[in-house]
Amino acid sequence: MSDQPETSNTLDLARLPWSGLPAGMQLILNADLVGKEFRRRARQRLTDHDVNDRRASIISFLSQVGPQSINDLAQKLEQHKAAISSLLIRMESDGLIEFTPNPEDKRSKSAGLTEKGKLLAEPIRDALLDIRHGMLEGVGEADVDHANAILLRMLSNLNRLAEN
C-alpha cells in the first residue's frame, strides 16, 4: 500500500464488508460501519483519560453549551432519559458534574460540569479531534459536499416516507 491517500478512483470497494449488496444498502451499512469504527477508536483513546465514550459525550457537550436539564441532555444526545439520569448520578458521585436548580423549571435540575469535569473536557476534545482529522485525511471538500448531498437526499426521502 502506498503512502498516498486513496482517492475515489483508487478505492478498492470490495474491501468493504457489504460490497455484494445493492448500492443504496451498501451506502447505509458502510456509513454505519464508519460511525461504529469511530466510536471504537474513541473508546480506545478515551481510556487514557479514564473516561468512557458516554461520559465523554456528556462532558464534551456540557463544556460547549453549559448546564442542561436532564430532559434536554437526553433529547440533544438522543439517549433515554433514564439512562442519562443514571449516568449523571454516577458522574456526580465521581465529582465530574454537579446539579443545580433549573431556573426555568423549579421542578427539575440542571447538570453542569465541576472543575474536575472541566479539566477533562479539553483532552477529550483533543482526542476526538485527532481521530476525526485522521479519519478525514485525503478527503477533500468536494468529497464532503457530494457525501452531504447524498445524505440530505436520503433524509428528505425518509421525511417524505414519514408523511405518507
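## Terms and basis

A contact means heavy atoms within 4.5 Å. Helices (H or I, at least four residues) and strands (E, at least two) are DSSP runs, numbered from the N terminus.

The model is predicted: local features need pLDDT of at least 70, side-chain atom pairs count only at pLDDT 80 or more, and totals for chains, interfaces and linings use all residues. Residues are numbered from 1 along each chain as its sequence is written, and side-chain values use heavy atoms, with hydrogens and water left out.

## Helix 2 against helix 5

A56, I59 and S63 of helix 2 meet G117, L120, A121 and I124 of helix 5. The residues of this contact comprise five nonpolar, two polar and no charged (nonpolar: Ala, Val, Leu, Ile, Met, Phe, Trp, Tyr, Cys and Pro; charged: Asp, Glu, Lys and Arg; polar: the others, Gly among them).

Helix 2 packs with helix 5 (residues 115-135) at about 100°, their axes 9 Å apart. Axes are lines fitted to C-alpha atoms, for helices over the stretch in contact, and angles run from 0 to 180 degrees between N-to-C directions. The two helices are therefore roughly perpendicular, a term for angles of 65 to 115 degrees.

Three strands make an open antiparallel sheet in the order 1-3-2; two strands pair if DSSP finds at least two bridges between them. Strand 1 (68-69) and strand 2 (97-101) are the edges, each pairing on one side only. Helix 2 (residues 53-65) packs on the sheet and touches strand 1, strand 2 and strand 3.

Strand 2 pairs with strand 3 (residues 109-113) over five bridges. G112 in strand 3 is the bridge partner of E98.

Conventions
Angles under 35 degrees count as roughly parallel, over 145 as roughly antiparallel, 65 to 115 as roughly perpendicular and the rest as oblique.
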